[in-house]
Amino acid sequence: MKYISTRAAAGSSEGKRFCEILLEGLAPDGGLYLPESYPQISDATLSQWRKVYHEQGYADLAFEILSLYIDDIPAADLRALCAKTYTAEVFGTGEIVPLRHLEDGVWIEALSNGPTLAFKDMAMQLLGNLFEYELARRGEELNILGATSGDTGSAAEYAMRGKKGVRVFMTSPYGRMSPFQQAQMFSLMDANIFNIAVKGVFDDCQDMVKAVSNDLEFKRKYRIGTVNSINWARLLAQVVYYFAGYIQATERNSQKVSFAVPSGNFGNVCAGHVARMMGLPIEKLVVATNENDVLDEFFRTGSYRVRGTADTHETSSPSMDISKASNFERFVFDLLGRDGARTKALFADALNKDGRFELGTDPIFSEAASRYGFVSGKSTHANRLATIKDTWERHGMVIDTHTADGLKVAMENRANGVPMIVLETALPIKFAATIVEALGREPERPAKFEGIEALPKRVQVMEADVAAIKALIAQECAH
Ligand SMILES: *Cc1c(COP(=O)(O)O)cnc(C)c1O
């Protein structure tokens, strides 16, 4: 399997292998990597994967799917990496992603029982093991530098803690994360994890990371890398739980299901798109946004309009508060018939110049729904509160704010006879304040998180100063 950039001119690029792009972010031309083609799953293969999931488990299913895309890691090693990653010990159940029945035809797929209680663990835990494996094979080290306001940073730290050859330098805005999120990250005592609380806002953190990455000499000398959601390996890992969800909701391959996905950067639902392109019988991919409705606007109108800072709202489903959707280019590339030149014209030229592009008048736009199955909807704070309350009162189930956005939009897009699977992207304890607002009671806290706010913290406070973070990285690498 070879990988190409979404901005490559047709026929021009030499494809890269999986392990070449594993440690890279963007392609050199600024595009995102995608496989040259999507492997097609026959009816017989899907039946065999049903057996694999039911009889051998999630890790073996992950191996079956990943091995179609990764041909530069020996099969036995890849199988071992999957087995090491997807354990009941780390993810809480033997099913790893159990389906919970909500009501007639509606299911919740639990993706949030990993170490940080959000779905990002599903991919990040695998990424940690893949990084450690590949770095050891090359005899190299990697310094992961990131900025976080919550979920991504903690998922990265829990995935990379104690991994050989990897250090994580994670900046976050001082005093702005919830006490629970701070406790989760700052209580990690591993020597390769560095928490840096920056006196500023999230954008200051991101600017520092960008400034370091733009210093190409420093970047090369200290092997600076990232783990953001445009990494193809993260997306690929997420494809697996669409198969596992489908297998649990159906008995025969003739059945279809729909998925509703709380969306921000379009990484999660893009994995659903990949699963559907492989031939998984998915009827609809329901994109749910919060008040930051860049994606809903696109799927309704064909207009893609990046928001400025002033138009990016702080909401009670904060992990979906995005101004642009960093993985969206992957889907548009497919929608445009894999025309790299046109994708480049939209994402490099039009977005840079006008901050928007329009596909609404192009006949191809209707294929987003008709051929690729995408529909969308939006959910507000009031919708979120109502959905959380209704789900508690009618089903005795407490769901988090992001999952509530997904469920609200799912209900607007149900069809008779087609099971609707809502992806649960976080547990309610992470967003306790809104749960209290909706229900007047605290959400349940898993036992292993009892009292974490009182644990000792390992964090250094820093001014928003690029020289200071460079000095810290240089100092740690000298050890
Ligand atoms: C990251 C995240 C999302 C959004 O996922 P994307 O892949 O960016 O679309 C939704 N919910 C939660 C809880 C998240 O952490």
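This is a predicted model: local features need pLDDT of at least 70, side-chain atom pairs count only at pLDDT 80 or more; totals for chains, interfaces and linings use all residues.

Student: Which residues of α12 are buried?

Tutor: The buried ones are Gly 267, Asn 268, Val 269, Cys 270, Ala 271, Gly 272, His 273, Val 274, Ala 275, Arg 276 and Met 278.

Student: How far apart are the end C-alpha atoms of α12?

Tutor: They are 17 Å apart. Helix α12 covers residues 267–278, and at 1.5 Å a residue its 12 residues should span 16 Å, so the two values agree.

Student: And what follows α12?

Tutor: Gly 279 does, and its phi is positive, near 110°.

Student: OK, the ligand now. Which residues come nearest?

Tutor: There are 15 residues around the ligand, and Lys 120, Asp 151, Gly 264, Asn 265 and Asn 268 come nearest.

Student: What classes are in that shell around the ligand?

Tutor: By class, the shell has 5 nonpolar, 8 polar and 2 charged residues.

Student: Which polar side-chain atom distance do you have for Asp 151 and the ligand?

Tutor: For Asp 151, a polar side-chain atom sits 2.6 Å from a ligand oxygen atom. The backbone comes in too: a backbone N or O atom of Gly 264 is 2.8 Å from an oxygen atom of the ligand, and a polar backbone atom of Gly 267 is 3.1 Å from an oxygen atom of the ligand.

Student: How much of the ligand does the protein bury?

Tutor: The protein buries 97% of the 390 Å² that the ligand exposes when taken alone.

Student: New topic: α11. What caps its N-terminal end?

Tutor: Asn 231 does: one of its side-chain oxygens lies 2.8 Å from the backbone nitrogen of Ala 233.

Student: How many residues of α11 are buried?

Tutor: 17 of its 18 residues are buried, so α11 is largely enclosed by the rest of the structure. Helix α11 runs over residues 232–249 and reaches 27 Å from its first C-alpha to its last, close to the 26 Å expected at 1.5 Å a residue.

Student: Now the sheet. What's the strand order?

Tutor: The order is β8-β5-β6-β7-β15, an open sheet of 5 strands with parallel pairing. The edge strands are β8 (224–225) and β15 (460–463), each pairing on one side only.

Student: How many bridges join β5 to β8?

Tutor: There are 2 bridges, and the strands run parallel. Ile 144 has Gly 225 in β8 as its bridge partner. With β6 (residues 166–173), β5 pairs in the parallel sense over 6 bridges, and Leu 145 stands opposite Phe 169 in β6.

Student: Is β5 mostly covered or mostly open?

Tutor: Mostly covered: 5 of its 6 residues are buried.

Student: Last one: where does Asp 354 lie?

Tutor: Asp 354 lies in helix α15 (residues 340–354). Its relative accessible area is 47%, so Asp 354 is partly exposed. Asp 354 and Val 306 are 48 residues apart in sequence, and their C-alpha atoms are 9.2 Å apart in space.

Key:
Residues are numbered from 1 along each chain as its sequence is written. Side-chain values use heavy atoms; hydrogens and water are left out. A residue is near a molecule or strand if one of its heavy atoms lies within 4 Å of it. A polar contact is a pair of N or O atoms within 3.5 Å; within protein, one must be able to donate a hydrogen and the other to accept it, and residues adjacent in sequence count only if both atoms are side-chain atoms. Accessible areas come from the Shrake-Rupley method with a 1.4 Å probe; for residues, only the protein chains shown count as cover. Ala, Val, Leu, Ile, Met, Phe, Trp, Tyr, Cys and Pro count as nonpolar, Asp, Glu, Lys and Arg as charged, and the others, Gly among them, as polar. Helices (H or I, at least four residues) and strands (E, at least two) are DSSP runs, numbered from the N terminus. The expected span of a helix is 1.5 Å times one less than its number of residues. Buried means under 20% relative accessible area, exposed over 50%, partly exposed in between (1.4 Å probe, protein chains only). Two strands pair if DSSP finds at least two bridges between them.
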